[in-house]
Amino acid sequence: MLGLGLISVAGHAKELHWLLSVFAGIIMCKIVYQLTGAISPLFFMGYVKLDDLKKLEWNNRGFSTFHALLVAAASLYLLLESDLFHDGARDDLMINRTSAFSDTILGISTGYFLADLAMIFYYFPALGGTEYVLHHGLSVFAIVQSLLSGQAQIYIFMVLFTESTTPFVNLRWYLDVAGQKNSQLYVCNGVALFFGWLVARILLFLLFFYHMFSHFDQIKKVYALGFYSLLTVPPVLALLNLVWFCKIAKGLIKTLRKARHSQ
């Protein structure tokens, strides 16, 4: 009886940890949103002249960038520096490994996606169209499953690392709004975005699928909904990334041609 009681207490403590992490993610978005609005006029005088929707998106992209930097750094640490997901590092299956830190990051990321999704729906389509709803919806679906089941976290963090391209996307939008499309920084950022997207959202997904194939004996041990989600959600996200990559490539070509003609 004592053992069952301790297991029950541990289970409730973990559930509370998840909920607090999700709440922390939502609060993080709120704080960074407010801070972005407060400090932006100090660096960009034109901020005060923006209309309400532009200010809304400006601040929204502030917490989007913060979340991207946070989860990209955490993902890089968990995948490369930590031994959490290294083959042979522990006795249990790689597919079942979790830690308090990984659970916290997934909870915070869930809070971010929920907060951003709520804003997208409320101001639809000002902050993004159907493709953003699909991307965020699939992300929440996958992260929550992994968080609650304690399985396949390695693949969630591989996908979360793709958020490392988000700061470049947001900087391009900021420079556009600030009237800096002809600046050298805009061109350099476009090039960085192209190669960053190629590595983090195209080539990394090839590595993702190869890793799944080479560890398919463990993938088959994931519970039914999680198993089929692993087989369907990543290909949809990869297709979205490919569509966006084509748009980025076309935009970069247009920018480089314009920059060459202006010299």
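**Burial, pairing and packing in a predicted model**

Me: Both E57 and R61 are buried. What is required of a residue before that word applies?

Reply: The structure is a predicted model, and the word rests on a cut-off: a residue is buried when its relative accessible area is under 20%. E57 and R61 both fall in that class.

Me: What makes the contact between E57 and R61 a salt bridge?

Reply: The closest N and O atoms of the pair are 2.9 Å apart. The limit is 4 Å, between a side-chain nitrogen of Lys or Arg and a carboxyl oxygen of Asp or Glu, so the pair qualifies. Both residues belong to helix α2 and are separated by 4 residues, about one turn of the helix. In general, side chains of opposite charge can pair when their charged atoms come close.

Me: How many salt bridges does the structure hold?

Reply: There are 5. Among them is the bridge between R90 and D83, with N to O at 3.3 Å. Another joins R97 and D92 at 3.5 Å, N to O. Each of these two distances is within 4 Å, and the pairs are therefore called salt bridges.

Me: What makes α5 a mostly covered helix?

Reply: The count decides: 8 of its 8 residues are buried. They are Q153, I154, Y155, I156, F157, M158, V159 and L160.

Me: Which residues touch the most other members of the largest nonpolar core?

Reply: Y155 and W197 do, in a core of 58 residues. The elements giving two or more residues to this core are α1, α2, α3, α4, α5, α7 and α9, and the largest share, 11 residues, comes from α9. Leaving aside residues up to four places away in sequence, W197 touches T165, V169, I202, N241, W244, F245 and I248. Another core, of 6 residues, lies apart from the largest one and includes F44, Y47, L50 and W173.

Me: How do you know which residues and helices surround the largest pocket?

Reply: Lining residues have an atom within 4 Å of a pocket point. The lining has 27 residues, of which R61, Y132, V169, N170 and W244 are the closest to the centre. The volume is about 680 Å³. α2, α3, α4, α6, α7 and α9 each supply at least two lining residues, and α6 gives the largest share, 6 residues. By class, the lining divides into 11 nonpolar, 8 polar and 8 charged residues.

Me: How do you know what kind of peptide bond joins F124 and P125?

Reply: Omega is about 0°, and the bond is cis. Most peptide bonds are trans. P125 is placed in the loop between α3 and α4.

Key: Residues numbered from 1 in each chain as written. Predicted model: local features only at pLDDT ≥ 70, side-chain atom pairs only at ≥ 80, totals over all residues. Heavy atoms only, no water. 1 Å grid on protein atoms, 1.4 Å probe; cavity = no way out; pocket = protein on both sides within 12 Å on 5 of 7 lines; lining within 4 Å. Points joined across faces, edges and corners; volume = space filled by probe spheres on them. Nonpolar A, V, L, I, M, F, W, Y, C, P; charged D, E, K, R; others polar. Core = buried A, V, L, I, M, F, W, Y, C linked by side-chain atoms within 4.5 Å. Buried < 20%, exposed > 50% of the residue type's maximum accessible area, 1.4 Å probe, protein only. Contact = heavy atoms within 4.5 Å.
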